[in-house]
Amino acid sequence: SLRWPAVKPVLKSQKLANVCYDIRGPVLDEAKRLEEEGHRIIKLNIGNLAPFGFDAPDEIVQDMIRNLPASSGYSDSKGVFSARKAIMHYTQQKNVAGVTIDDIYLGNGASELIVMAMQALLNSGDEVLVPAPDYPLWTAAISLSGGTPVHYLCDEGNGWLPDLDDIRAKITPNTRALVVINPNNPTGALYPDDLLREMVAIAREHGLILFADEIYDKIVYDGLKHTSLAALSEDVLTVTFNGLSKSYRSCGFRAGWMVVSGDKRPAQDYIEGLNILATMRLCANVPGQYAIQTALGGYQSIDDLILPGGRLYKQRELAHEMLTAIPGVSCVKAKAALYLFPKLDPAVYPIADDQRFIQELLSQEKVLLVQGSGFNWPHPDHFRVVFLPNVDDLRIAIERIARFLDGYRKR
Ligand code: PLP
């Protein structure tokens with residue numbers, strides 16, 4: 001008789017046991033299902049600019065097209081020279097000392113390089129300090145790399161600035177690094193220089209590597225200025241991440257970079273690790289690399305969007321005003337980036353499971369958000385709003401959120 005072999009379940013790797021990225025998680029699958037049924041969903045869930053009418057600057061697109069015939073080969077593993085030279089100049093403009101072409105790595109977005117930087121560093125038991133709330137790729141990349149993410153709190157009562165005492169309290173002999181996301185996703189916070197200096201001092205005192213995620217460094221409102229952490233950490237090993245995705249509306253080009261600066265002398269072995277991983281994936285997407293020189297050297301059209309009267313500025317104003325007018329909702333106004341991270345007063349909205357809350361909002365009102373726990377926030381009382389839709393859509397979306405919350409309150 002025929003005997004079929006027993007069907008063994010195919011399990012994912014145990015490396016993924018603690019890896020979680022809810023921004024594209026189960027709620028998004030539900031939104032896709034609703035769209036297939038014909039519903040129009042207003043999406044305030046992902047910081048992807050192009051679908052909201054924020055086009056990449058034409059000169060970048062034209063330059064990529066022009067360079068496309070020359071982009072079919074692999075490039076140097078660290079990236080094409082012209083792009084790295086432009087990034088070197090950019091680091092100089094941001095007062096980061098001593099960066100050479102060799103210290104610059106191009107990647108398929110900052111995302112690839114963040115994972116690479118963690119994979120090259122971490123052994124089992126190593127701890128990395130990450131903000132809560134965070135951009136969850138950091139926590140996921142640390143876990144995937146065998147390390148342990150340890151979350152330090154950012155203080156909502158203090159404009160979402162990192163709580164330095166909490167950082168100090170969480171340092172152990174196993175702590176290897178401190179992650180600083182500035183400007184911050186999801187809170188929109190921009191850190192003052194004094195605070196950055198104190199974070200550098202903590203890293204110096206405890207021998208930690210600084211990882212600075214500065215992908216929103218050009219999206220800063222109200223005339224404020226961004227300071228690169230690396231400009232203040234000349235004597236501390238610092239790895240800075242940036243790219244074209246946000247400031248140049250080019251998420252899809254996957255053009256990101258990483259710059260190693262500060263005291264590199266004790267880090268030669270780690271740098272060798274980075275080089276091994278950079279060569280293993282051969283190189284980053286070459287057409288995207290060719291956009292970098294034109295972008296950094298060209299007209300900085302992002303400025304037109306963030307000034308009063310600019311689209312992003314107006315959308316931030318409207319979203320903040322409307323959200324804070326809802327009873328039981330408070331919200332620190334973003335100084336930078338594309339996000340608000342409002343708080344729902346637990347006395348008014350006793351939420352036990354914030355993913356379920358977001359799912360109910362989606363099915364009732366066809367508005368898609370991401371729950372605060374998706375950013376490793378420890379309480380079910382926040383959600384993130386991406387203020388990329390135009391003011392008409394934002395108004396409709398927040399009116400629907402208000403209506404949903406009104407019903408929730410009266411349950
Ligand atoms: N870092 C932060 C804080 C982000 O918000 C994002 C994207 O949303 C990234 C990194 C990844 O950007 P990239 O498109 O360069 O991979």
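How far apart do the end C-alpha atoms of residues 41–401 lie, and how much of the span is helix and strand? I looked this up and got 13 Å between the end C-alpha atoms, with 37% helix and 17% strand. Helices (H or I, at least four residues) and strands (E, at least two) are DSSP runs, numbered from the N terminus. The span comes from the UniProt annotation "domain: Aminotransferase class I/classII large", in an unreviewed entry. UniProt positions are given in the numbering used here, feature names are shortened, and annotations may be inferred rather than shown by experiment.

I noted that this is a predicted model, in which local features need pLDDT of at least 70, side-chain atom pairs count only at pLDDT 80 or more, and totals for chains, interfaces and linings use all residues. Residues are numbered from 1 along each chain as its sequence is written.

**Domains**

I looked up how the protein chain is divided, and found domain 1 (14–54 + 304–409) and domain 2 (58–297). These bounds come from an automatic or database domain assignment. I read 26 Å between the C-alpha centres of domain 1 and domain 2. Across the boundary, 32 residues of domain 1 are in contact with 31 residues of domain 2 (contact: C-beta atoms, placed from the backbone, within 7 Å). On the side of domain 1 that touches domain 2, α11 (311–324) and β11 (339–340) each supply at least two residues. That side divides into 20 nonpolar, six polar and six charged residues. Here Ala, Val, Leu, Ile, Met, Phe, Trp, Tyr, Cys and Pro count as nonpolar, Asp, Glu, Lys and Arg as charged, and the others, Gly among them, as polar.

**Ligand shell**

I then turned to the ligand, which has 13 residues around it; G109, A110, S111, Y135 and S245 come nearest. A residue is near if its C-beta atom, placed from the backbone, lies within 6 Å. Helix α4 (residues 109–121) gives the most to this shell, three residues. By class, I found five nonpolar, seven polar and one charged in the shell.

**The sheet with β11**

I traced an open sheet of three strands in the order β11-β15-β14, with antiparallel pairing. Because β11 and β14 (370–371) stand at the edges with a single partner strand each, one side of each has no neighbour in the sheet. Two strands pair if DSSP finds at least two bridges between them. I found two bridges between β14 and β15 (residues 383–386), and two between β11 and β15. Q371 stands opposite F383, V370 opposite R384, and Y339 has V386 as its bridge partner. From β15, F383 and V385 point one way and R384 and V386 the other, and all are buried. A residue is buried if 20 or more other C-beta atoms lie within 10 Å of its own, exposed if 12 or fewer, and partly exposed in between, with C-beta atoms placed from the backbone.

In helix α9 (residues 286–297) I listed the buried residues, including Y290, I292 and T294. The buried residues of α9 pack against α2 (58–67), α3 (81–93), β2 (104–108) and β9 (255–261).

Is A347 buried or exposed? I found A347 exposed, with 7 other C-beta atoms within 10 Å. A347 lies in the loop between β12 (343–344) and α12 (354–365). From A347 to G328 I read 19 residues in sequence and 8.3 Å in space, C-alpha to C-alpha.

Note on methods: Contact = placed C-beta atoms within 7 Å.
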